[in-house]
Amino acid sequence: MRCLSPIAKPPFAAVGLIYLLIASVSARAAESPRSLCFENDGELSVWDSTGEVQFDRERNRDGSAGGALRVGPGARAVWRFAEKNISGTVDLWIYDDGSASADPKKHAAGPMWGVTQEDGSVLVIGAIYAPYLSGDRTYAVSDFAPFRNERPWWKVQYLGLRRQPGWHRWTFHFDPDAGLTILHNGQDVNARRQVFRWNRTSLRGLTGVILFGDQTDAKQTLWVDDVRIELGEPPRVEPLWPPPPPKGLRPRPLAAEWTSTPFRRWQHGPPDRPDYFPIAVWLQNPCNAARYKQAGFNLYVGLWKGPTEEQLSDLRKAGMPVICPQNDVGLRHRNDPIIVGWMHGDEPDNAQRRPDGKGYGPPIPPQRIIEGYRKMLATDSTRPVMLNLGQGVAWDGWRGRGVRTNHPEDYVEYVQGADIISFDIYPAVHSHPDVAGRLWYVPFGVTRLRQWTGDRKIVWNCIECTRINNPNVKPTPQQVKAEVWMSIIFGSRGLIYFVHQFKPKFIEAGLLADPEMLQAVTAINRQVHALAAVINSPPVPEAGSVTTSDQRVPVAMTVRRHEGATYVFAV
């Protein structure tokens, strides 16, 4: 190992020569280790910095002669050691005095350190503050692009490593065949449990070291010492997230007749117009019905402890129809057009809480669901009966099914217990690595319901648009739009948005409290309504084919013909 010890900042031409030499070295297989020991202020010459970045003789890691690099609040420093992405190791010592923002739940970024890549985006570790993090006590990894004004708290992975005042060694090791590993004081941060997943980042290699000064009211100073780099070969892997769907996942051919008016056989059911496509909201207070209608929703599904007379009155005033339980109040309104369907149950396929509240028993047997359906039809057959199933529809390994986990054969029976069969799975915010980020679980579940019903039932599905129970991740508008069109292309005849947020705090109408997502969902809903007559037209089999230049990103499509025009929907 050798320290770089320039005695003065070289002229511009020399700097350009240094960068040129470094770039040419990084294109080779490897180079000898290089390090900055901060023995004099001449070592500042390799850093491109703004703000207070200076040589500090008073702070040294091991107490020997020399000093450390001082990075003041709001400052930034970059040591670019390659022009193209390269594998290798970046090793540095960071002094953190444990200072914290006065309001650790307010979105902000404390001091951060890490690596840059060719496109200018960064991966850093530090004290990152947000309602769903503990930046005053622990560290998180952030993957963001400063040049796009992305914020460090947008895309984070919580490490759970406690902030202990003092010197700490951080190592970023990028293997050309395996990607990035992070070590803290010589130990892999994933040693006890997996807290960091390189595949969930955009880091494709290393081009430099980057340091960010504190940007909070704590005004913390960061010290850095003994920065060491060792460069290797060009990377042969790229992060792949989300993982691709299973091969052969394509919209199923029709197994039964497709009708443009699937609700025609019910006297008091949803509208039987060919330009009607149901876009529902799940279990919301009717006082918000007018706001949801403005956002493009045309149906309520479920009513908390209802229906009650007051709930039905509020929905009637807003002109918002509902699918609700068949209780005494509901049955008194048999001839009321505001009720367009009966809710049979929610997730009976999941393990059920025991009556004494101590743990969970097995799911409700399918036969009980079928028997309940028959009783509901005997009471009122003028409306469809709807049953919503859980994520076991799409994910066999869902342990929430208890003793019936990995028993997908149950669903062939469950789907006999209603006229409209729906299910929910929320991959964008899912906490399990088998599902998290894999949006294709949504159309996979639609495909399975169509298969299990033989296309003789109406299939709907749920869409996520909030954090739900995940304080670290929120769906993006692009993910929500992808889920919607995946659902439609794969044959879903209706959508139900789940809009609750439970963490970091409970918000029943979470969508209405999120202006950005509300705007996006409103635009999606309006587009679906504008194309409803086309979507309801029968799919045209073998009317086209699709290929993609990247086999890891398959494209699905469906073709419709309506009023003399041909429409292609692809996702």
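Helices (H or I, at least four residues) and strands (E, at least two) are DSSP runs numbered from the N terminus, and contact means heavy atoms within 4.5 Å. The model is a predicted one, in which local features need pLDDT of at least 70 and side-chain atom pairs count only at pLDDT 80 or more, while totals for chains, interfaces and linings use all residues. Residues are numbered from 1 along each chain as its sequence is written, and side-chain values use heavy atoms, with hydrogens and water left out.

Of the 8 residues of β19, 7 are buried, which leaves the strand mostly covered; buried means under 20% relative accessible area, exposed over 50%, and partly exposed in between, with a 1.4 Å probe and protein chains only. Together with helix α5 (residues 366-379), β19 and β20 make a right-handed β-α-β unit, a crossover being right-handed if, with the strands pointing away from the viewer, the path from the first strand over the helix to the second runs clockwise.

Further along the sheet order is strand β16 (residues 279-282), from which I279 and V281 point one way and A280 and W282 the other, all of them buried. In a regular strand the side chains alternate between the two faces of the sheet. β16 is joined to β24 by 3 bridges, the two running parallel, and V281 stands opposite Y497 in β24. Another 3 bridges join β16 to β17, again in parallel, with V301 in β17 as the bridge partner of W282. The chain crosses from β16 through α2 to β17, and this β-α-β crossover is right-handed.

Helix α3 (residues 309-318) has Q311, L312, L315 and A318 buried. These residues cover an arc of only 125° around the axis, taken from the directions from the helix axis to the C-beta atoms, which puts them on the same side of α3. E310 and K317, on the other side of α3, are exposed. The cover over the buried residues of α3 includes α2 (289-294), β17 (299-301), β18 (322-324), α4 (328-332) and β19. After α3 comes G319, whose phi is positive, near 65°.

A nonpolar core is a set of buried Ala, Val, Leu, Ile, Met, Phe, Trp, Tyr and Cys residues joined through side-chain atoms within 4.5 Å. In the largest one, of 70 residues, Y292, F297 and Y497 touch the most other members. Leaving out residues up to four places away in sequence, Y497 touches residues that include I279, A280, V281 and W282, as well as F297, V480 and V484. A second, separate core of 42 residues includes F38, V189, F196 and W198.

Elsewhere in the chain, S121 is found in the loop between β7 (108-116) and β8 (122-129), and S121 counts as buried because its relative accessibility is 2%. Apart from neighbours within four places in sequence, S121 is in contact with V115, T116, F144, A145, P146, F147 and S202. The C-alpha atoms of S121 and I279 are separated by 38 Å, the two residues being 158 apart along the chain.

For the chain as a whole, the secondary structure comes to 10 helices and 26 strands, and 54% of the 571 residues count as buried. The C-alpha trace spans about 90 × 50 × 45 Å along its principal axes.

Terms used: Two strands pair if DSSP finds at least two bridges between them.
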